[in-house]
Amino acid sequence: MHVRNPYAHNPPDFRALAESYSKLAKFLHDDMTVDFTDPEAVCALTEALLHKDFDIDVELLPDRLCPRVANRLNYILWLQDLLDSDSFDSNDTNSSKPIWGLDIGTGTSCIYPLLGCRLRRNWHFIATDVDDVAVSTAAKLVSRNNLMEQISVFKADPGNSLFGPHACGDSHTSQHLHFTMCNPPFYSSSADYNASQALKVTPARSFTSAAPEEMITPGGEVAFVTRMINESIEMLRNDVNTGSTWYTSMLGKLDSLKDVVNSLRKRGISNYAVAEFIQGQFTRRWAVAWRFDGRRPLPDITRPLDPLPSTAIRGLLPPATGWILDLSHTHGANDDRLLDKVLSIMKDEFGDFMKLERLSKLNCETTHYITGYSQQGNVWSRNFRRNKKRKIEEHSDHVEGSRISESTGFGFRIFVEQYTSNTDIPQCSVHWSYGSDPIVFESFCGMLKDRIQRIVSK
Ligand SMILES: C[S@@+](CC[C@H](N)C(=O)[O-])C[C@H]1O[C@@H](n2cnc3c(N)ncnc32)[C@H](O)[C@@H]1O
């Protein structure tokens with residue numbers, strides 16, 4: 001489970017839940033659990049969790065998909081991480097700057113918008129569904145929870161674009177989306193659904209009651225997400241501003257994740273992230289996110305360490321956006337001024353071509369770091385220096401930015417961590433925050449290693 005998921009280490013206390021939500025009491029067995037094959041009991045449990053832990057008031061329909069709170073929360077927390085990665089330098093993760101998301105197929109529970117907005121007051125959602133019952137029930141839940149200012153529910157036309165104006169009605173169509181999310185129907189047909197049920201060796205541990213339209217879509221989840229990929233490319237063609245949108249989807253099958261990552265790679269989309277959500281011993285779900293500009297998420301989001309991604313998904317991970325230089329055996333690594341020294345040496349060498357700043361971020365502790373960006377990309381390379389020298393010889397020391405496209409830009413953050421609560425060895429870590437070429441990042445790390453070793457060995 002996600003590290004911030006409250007259920008990761010504290011499974012729900014059923015007795016306390018029933019005390020705070022009386023409807024659950026009649027389904028309780030020995031004060032300890034409920035019958036997970038009884039849809040009404042599962043709905044009452046979900047309602048109780050949402051009520052007690054998130055102050056969300058819902059009444060779920062027992063014949064419709066009942067969302068598992070811990071799983072839906074994993075997805076929302078991962079989205080928070082992706083968006084916080086974008087605003088890392090501004091300390092504004094909980095500010096009032098409005099964040100807009102689109103939930104495609106919100107379902108009768110409207111679970112993602114309700115959770116997302118309860119956890120972050122600056123989040124807003126456009127929630128769509130093709131199903132009339134889902135649209136009307138979701139809209140009722142939004143007003144029941146007094147979230148009409150933050151969530152708008154729209155009926156989507158299955159023939160129209162998933163992201164485009166028609167899906168969202170008229171009033172919010174021009175809204176820039178920071179992210180889109182979706183838990184698409186899994187199966188391609190009733191036969192596909194029945195076959196997957198038959199494959200389960202043990203009798204179902206929990207009951208999934210759902211209407212066919214919630215679980216089945218032509219081509220299954222892979223076709224649905226492939227459609228999203230194609231439509232996101234089309235959006236970018238029509239409006240470059242959509243390059244900064246995180247397009248995301250949950251996936252119910254590992255094979256689907258493989259197909260979707262292959263689709264992204266085939267279309268040349270290298271800026272993507274993959275997550276694995278683990279609930280209990282038996283349930284795993286996956287999620288994928290992609291965007292078109294060069295902004296790269298923090299390393300532990302693209303390649304999580306806790307929990308470590310399973311071997312099955314390691315080959316599907318995107319290029320690494322983090323690099324660590326272990327300084328434990330280097331003399332001088334404990335110098336608190338090491339970060340300043342690194343900044344100074346970089347300013348001397350690259351200050352003319354790189355915007356360099358020392359910033360601080362306030363979390364539980366204050367983290368100091370260097371942030372840097374060079375429009376010309378690889379300004380430490382021999383090639384760049386040679387060109388620079390030639391320009392000086394030609395009496396033109398000006399490197400023309402306009403000839404270099406934005407995609408050549410390169411951004412990074414450098415952290416030097418001495419012994420802190422997070423690290424028991426001094427280390428320098430680098431986050432590749434902007435760019436399109438992993439080889440440029442690798443080369444930057446090589447250059448930095450060389451400069452740091454020069455400083456610490458003095
Ligand atoms: C698996 S359910 C997910 C419901 C809810 N988001 C959840 O996680 O519990 C998939 C939902 O997608 C909706 N859906 C299917 N095709 C759609 C489309 N083209 N546009 C919007 N919603 C769609 C279905 O009606 C259904 O409510």
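Predicted model: local features only at pLDDT ≥ 70, side-chain atom pairs only at ≥ 80, totals over all residues.
**Notes on the helix packing, cores and loops**

1. H3 passes H4 in a right-handed crossing. The residues that make the contact are Arg 72, Leu 73 and Ile 76 on the H3 side, and Ile 111, Tyr 112, Leu 115, Gly 116 and Leu 119 on the H4 side. Sorted by class, the contact of H3 with H4 has six nonpolar residues, one polar and one charged.

2. Now for the geometry of the pair. Helix H3 covers residues 69–86 and helix H4 covers residues 111–119. Their axes lie 10 Å apart, and the two helices pack at an angle of about 55°. That angle makes H3 oblique to H4.

3. How enclosed is H4 by the rest of the structure? Largely so, because seven of its nine residues are buried. The buried residues of H4 are Ile 111, Tyr 112, Pro 113, Leu 114, Leu 115, Gly 116 and Cys 117.

4. Cys 110 belongs to the loop between strand E1 (99–104) and H4. Its phi is positive, about 50°, although Cys 110 is not a glycine. Is Cys 110 buried or exposed? It is buried, since 29 other C-beta atoms lie within 10 Å.

5. For background, most residues other than glycine have a negative phi. Asp 55 lies in the loop between helix H2 (39–54) and H3. With 9 C-beta neighbours inside 10 Å, Asp 55 counts as exposed, whereas Cys 110 is buried.

6. Gln 80 is found in helix H3 and is buried, because 20 other C-beta atoms lie within 10 Å; the cut-off for buried is 20 or more. The C-alpha atoms of Gln 80 and Asn 383 are separated by 39 Å, and these residues are 303 apart along the chain. Ser 96, in the loop between H3 and E1, is exposed, with 7 other C-beta atoms within 10 Å. The C-alpha atom of Ser 96 is 7.6 Å from that of Arg 121, 25 residues away along the chain.

7. From H8, the contact uses Glu 221, Val 222, Val 225, Thr 226 and Ile 229; from H9, it uses Ser 256, Asp 259, Val 260, Ser 263 and Leu 264. By class, the contact of H8 with H9 has five nonpolar, three polar and two charged residues.

8. What does Leu 316 touch beyond its neighbours within four places in sequence? Its contacts are Leu 257, Lys 258, Val 261 and Val 274. Leu 316 sits in the loop between helix H11 (311–314) and strand E8 (322–326), and it is buried, with 20 other C-beta atoms within 10 Å. Its C-alpha atom is separated by 10 Å from that of Ala 275, 41 residues apart along the chain.

9. Val 274 also turns up in the largest nonpolar core, which has 80 residues. Val 274, Ala 287, Val 288 and Ala 289 touch the most other members of that core. Beyond its neighbours within four places in sequence, Ala 289 contacts Leu 82, Trp 246, Tyr 247, Thr 248, Tyr 272 and Ala 273. A second, separate core of 21 residues includes Leu 327, Cys 428, Trp 432 and Phe 444.

10. Finally, the chain as a whole. The protein chain has 14 helices and twelve strands, and buried residues make up 38% of its 458 residues. Among its contacts with a separation of 6 or more, 68% join residues 24 or more positions apart.

Methods: Residues numbered from 1 in each chain as written. Core = buried A, V, L, I, M, F, W, Y, C linked by C-beta atoms within 7 Å. Buried ≥ 20, exposed ≤ 12 C-beta atoms within 10 Å, placed from the backbone. Contact = placed C-beta atoms within 7 Å. Helix = DSSP H or I, 4+ residues; strand = E, 2+ residues; numbered from the N terminus. Nonpolar A, V, L, I, M, F, W, Y, C, P; charged D, E, K, R; others polar. Axes fitted to C-alpha atoms, helices over the stretch in contact; angles between N-to-C directions. Parallel < 35°, antiparallel > 145°, perpendicular 65-115°, else oblique. Left-handed = near helix turned anticlockwise from the far one by under 90°.
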